[in-house]
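Please examine the sequence and structure shown here. A report on selected contacts and pairings accompanies them.

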Amino acid sequence: MAIKVGMEVSIAAAEAVKQANTDIVAAYPITPQTHIVEHLAELVNNGDLDAEFIPVESEHSAMSVCAGSSAVGARSFTCTSSQGLALMSEIVYIAASLRLPILMLLANRSLSGPLGIWNDHSDVMSIRDCGWIQVFAENGQEVYDHVFIGYRVAEDRNCLLPFLVNLDGFILTHMVEPIEMIDQAVVDRYLPPYKPLYSLHPDHPVTMGAFADPALYTEAKKAQDEALKGSLPYIMKGWQEFGDLTGRYYHPIERYKTEDAKVILVTQGSLGGTASIAIDNLREKGELAGLVKIRLWRPFPFKEFREAVKGAELVVVMDRAISYGGPGGPLAGEIRSALYAQERRPRVVNVIAGIAGRDVAPEDFERMLQQAQQGSGEGYEIYGVRG
Amino acid sequence: MIKHLDRLSVKKARQVSKEEYFVPGHRACQGCAEALAVRLVAKALGKNNVIACATGCIEIFSSPMPLTSWNVPWIHVAFENAAAVASGIESGLKVLMRKGRLPQQKINVTAMAGDGGTSDIGLQALSGAFERGHNFVYCCFDNEAYMNTGIQRSSATPFGASTTTSPAGKVVSGQTSWKKNMPEIAVAHDIPYVATACTSYPFDLMEKVKKAASIEGPAYVHILSVCPTGWRLPTHLSIHAGRLAVKTGMFPLYEVERGRYTLSVDLPKLLPIEEYLKIQGRFRHLTPEMIKGIQKRVRDEYEKLRKKVQMTNEDQQGKAVS
């Protein structure tokens, strides 16, 4: 029987990494990721998890160790945040092109400078095009569940891609939530040991990471793009089978009261819950408001997104990262281009808020939606700037 | 007793395996001693070997997609992380064998990189891997500059050498700093085995690499790999130049086993440094004063090394190693 336990989300995530029978944990400490790796170190040193815990000297080496260990067929995990991701980003891209099914939890935190340890999405947006499957978790349960789903999808021979789970720093990592733990037998059924298609072993020598000249580079990249786009049905399958075992079904896009909505708010990550309160308040005031939460960020679920907002006249996209001097936040840019080719398309107003831990309350969402009625649909606005 | 490596050549050559793990057809320059060193390292380590290779000449000349020169499992990830990738390979194999998902067997893990990938950009990852104590062999193929990108200076470029980023100019005459002593940095990590080697002494090189692989824990082998292209040297003089590097004391061959120093070739009298410098275009501009300075430095460093040999062998009761 699955049991519900109140625990910090970081601890739940680490417990999931243990239950997933991870072979390699390579990580470097950075706030607010630390509780996850601290707990994993405890699990390994107490003999509760049979894995190699590699306390690397940098995040760059964390991802490099995972590349090496994943290439020999070991289930490999790392976890970082902000500057750590920026430092490891060179290898993040290479892990995808090497098709190594590494799992990474990213405790989302603002990028320096000024230095700030609090939550926004500027870190992950810096690696938007790295070629990983990327999801955003809204709560602790989703984080816990996506450790299993992540490995399962990543290691699916139809995918063989690394998997990134975004969880908002502090807001999720340090939150105590009721988490429904899955029985080990169920985990084992859902997630069998990783059997690599190719691995580094003397019995069958292979060359990995060869260089390509212009005659082959484009083809290699096309193949990689096809792999990421083609992973969508297997991500859906991973979610479906997980739902069949646990009763928790996930979708690329989550909708809340969108059926008749004229105004739709779009969020990613943990603010989804707060936003839904704002939607309820607006509904009470007679506004036809709805909420769309983007869970799957890469591959971007264009079809599902268009379907979710098809009746809307106004789409208000809340970004938690800035593309300085650009057309809007990264999410709004995505959504505008997802809708551009549509014959009937809603106006898309972009609000940037919740940067580096600035609180966003339900009233803020309500105000954003009201202000957006007058919004031009071009560019972006940074919400709640003082002075 | 002096270990005369040259005398062993004829007999030794017959004992060497005919198997090749780094096979012909690669795209290295003519006279490349690094390619030869790589071949000898691969031969010495044999079939049960997994290689993590840094970006650089080796990676470029051995893995043009869809071809490969490698008959052993080989991976290239990036420039500065060969030691970290090797850490992952070693730990991965260990945990999979422990958990029974791979059969128990001895598989050597090798990391290879050039001097830039080792003593500059890869130094942090290497230091981390040494400190964590992974069981692997790290081979630095030192051709004394960033040859792959077009002969730019590295911290391993010798004093005075003209490179494209330390050109012999009217005011500044080539490299202004002394070669970073990478083997000593490895020794400072207190790892069980450190050695220097040179392609011009192939059997010594292979013996050291084999020893490095047989020792539990991190091992570091620093291999001087003559680069005719970058050193402005006729291609048929690669082996000759390597010998002169050793015989002039410019690049002494030695081992440090658990802190104990041994000179592999001890030379009672070093050849004058000019012998080595004058055949290379990269030193063409050196003035007699600069050469004198280099000569002094080489002699001092050699004496320092001899003292380390003496000091670390004092407990051997007069049984001198050299």
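## Model and conventions

This is a predicted model, in which local features need pLDDT of at least 70 and side-chain atom pairs count only at pLDDT 80 or more, while totals for chains, interfaces and linings use all residues. Residues are numbered from 1 along each chain as its sequence is written, and chains are lettered from A and ligands numbered from 1 in the order in which they are written.

Helices (H or I, at least four residues) and strands (E, at least two) are DSSP runs, numbered from the N terminus.

## The interface between chains A and B

Chain A gives 39 residues to the contact and chain B gives 41 residues; two residues are in contact if their C-beta atoms, placed from the backbone, lie within 7 Å. On the side of chain A that touches chain B, at least two residues each come from strand 2 (24–26), strand 3 (52–54), helix 3, helix 4 (82–97) and strand 9 (207–208) of chain A. Helix 3 of chain A supplies the largest share of that side, nine residues. By class, the side of chain A that touches chain B has 23 nonpolar, ten polar and six charged residues. Here Ala, Val, Leu, Ile, Met, Phe, Trp, Tyr, Cys and Pro count as nonpolar, Asp, Glu, Lys and Arg as charged, and the others, Gly among them, as polar.

Helix 3 (residues 59–71) of chain A packs with helix 4 (residues 82–98) of chain B at an angle of about 45°, their axes being 6 Å apart. That makes helix 3 of chain A oblique to helix 4 of chain B. Axes are lines fitted to C-alpha atoms, for helices over the stretch in contact, and angles run from 0 to 180 degrees between N-to-C directions. Angles under 35 degrees count as roughly parallel, over 145 as roughly antiparallel, 65 to 115 as roughly perpendicular and the rest as oblique. Residues of helix 3 of chain A in this contact include Ser64(A), Val65(A) and Gly68(A), and those of helix 4 of chain B include Val85(B), Gly88(B) and Ile89(B). By class, this contact of helix 3 of chain A with helix 4 of chain B has eight nonpolar, eight polar and no charged residues.

## A sheet with strands from both chains

Nine strands form an open sheet of mixed pairing, in the order 9(A)-2(B)-1(B)-3(B)-4(B)-6(B)-5(B)-7(B)-8(B); two strands pair if DSSP finds at least two bridges between them. Strand 9 of chain A and strand 8 (260–263) of chain B stand at the edges, each with a single partner strand, so one side of each is left without a neighbour in the sheet.

Strand 9 of chain A runs parallel to strand 2 (residues 74–76) of chain B and is joined to it by two bridges, with Met208(A) opposite Ile75(B). Helix 4 of chain B lies across strand 1 (49–53), strand 2, strand 3 and strand 4 of chain B, at about 170° to strand 3 of chain B.

## Packing within chain A

Strand 14 (residues 314–319) and strand 15 of chain A run parallel, joined by six bridges, and Asp319(A) stands opposite Ile352(A). Buried residues of helix 12 (residues 330–340) of chain A include Leu331(A), Ile335(A) and Leu339(A). The partners of the buried residues of helix 12 of chain A include strand 14 and strand 15 of chain A.

How values were computed: A residue is buried if 20 or more other C-beta atoms lie within 10 Å of its own, exposed if 12 or fewer, and partly exposed in between; C-beta atoms are placed from the backbone.
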